[in-house]
Amino acid sequence: MTRCLIIDDEPLAREVLESYVKDFPSLQLLASCEDAISALGWINQDQVDLIFLDINMPRLSGINFYKSLTKKPKVIFTTAYSDHAVEGFELEAIDYLLKPFSFERFVKAVNKVRLDTSENSHTDFIMLKADKKNHKINFDQMIYFESIGDYVKAHLKEGKTLIINETLRKLEELLPSIFIRVHKSFIISIPHLEYLEGNQAKIGETKIPIGQSYRDKVNEILKK
């Protein structure tokens, strides 16, 4: 469970974020603060894993507040202006959400948090949008992913499939290291891989091609 804070001087912006956090299973909202100073108590107690931090606030900007912190939780900056995007990423922000942002965009940002902390986290699922719903899918249920244009077909256990509103390239960025791109059109789950034979990977009853440009990287990763 990722413990988070919302820091934003706009009541409506806080309400939107509060509803998004509530609908995301792996997030626990500790507090929703109207200014940075009131959030210090939580942060100084080392209870916070992630903050959703507005940049444009009176008295003390989100950027300057984050710079001042000795203990720095992960941060996703939120703002109505794009002027500070570069500076935000220089502070190693997980993401930068430009208001107004959708729940789908919020989910992408939070998935990046989980990917960034995967070495120290027990999270075993990802949220993916399909059929106008946000599906919680455990990593061990995923067998392989197949590109179909601007969408991805997820092949899951028990013959289940989902058409995901995402490109394979973006999905590759969100998935942990147990998944590997083997072809321009395929990502596979290493735990479900049975064997490699020539230019093919065998997973269950399916043989998936290994692209020539991916072959050396696949072999290197599997040796490790």
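A salt bridge here is a side-chain nitrogen of Lys or Arg within 4 Å of a carboxyl oxygen of Asp or Glu. By that rule, this predicted model has 12 salt bridges.

**Stop 1: Asp49 and Arg3**

Select Asp49 and Arg3 and show their side chains. They form a salt bridge, with the closest N and O atoms 3.1 Å apart. Now colour the chain around them: Arg3 belongs to strand β1 (residues 2-7), while Asp49 sits in the loop between α2 (40-44) and β3 (50-54). The two are 46 residues apart, so this pair links distant parts of the chain.

**Stop 2: Lys108 and Glu166**

Next, pick Lys108 and Glu166. This salt bridge has its closest N and O atoms 3.6 Å apart. Lys108 is in helix α5 (residues 103-116), and its partner Glu166 is in the loop between β10 (161-164) and α6 (168-174). Again the pair links distant parts of the chain, here 58 residues apart. Is Glu166 buried or exposed? With 11% relative accessibility, Glu166 counts as buried, because the cut-off for buried is under 20%. Lys108 has a relative accessible area of 22%, which makes it partly exposed.

**Stop 3: Lys207 and Glu197**

Move on to Lys207 and Glu197, whose side chains meet in a salt bridge at 3.9 Å, N to O. Lys207 is found in strand β15 (residues 206-209) and Glu197 in strand β13 (residues 195-197), so the bridge ties together parts 10 residues apart in sequence. Both ends are partly exposed: Lys207 has 43% relative accessibility and Glu197 has 45%.

**Stop 4: a network**

Select Asp8, Glu10, Asp54 and Lys99 together. Salt bridges that share partners join these four residues into one network.

**Stop 5: Ile137**

Ile137 is buried, at 6% relative accessibility. Which residues does Ile137 touch, not counting those up to four places away in sequence? Show Asp124, Phe125, Ile126, Leu128, Met142, Leu156 and Leu162, and you have the set.

Conventions
Residues numbered from 1 in each chain as written. Predicted model: local features only at pLDDT ≥ 70, side-chain atom pairs only at ≥ 80, totals over all residues. Heavy atoms only, no water. Helix = DSSP H or I, 4+ residues; strand = E, 2+ residues; numbered from the N terminus. Buried < 20%, exposed > 50% of the residue type's maximum accessible area, 1.4 Å probe, protein only. Contact = heavy atoms within 4.5 Å.
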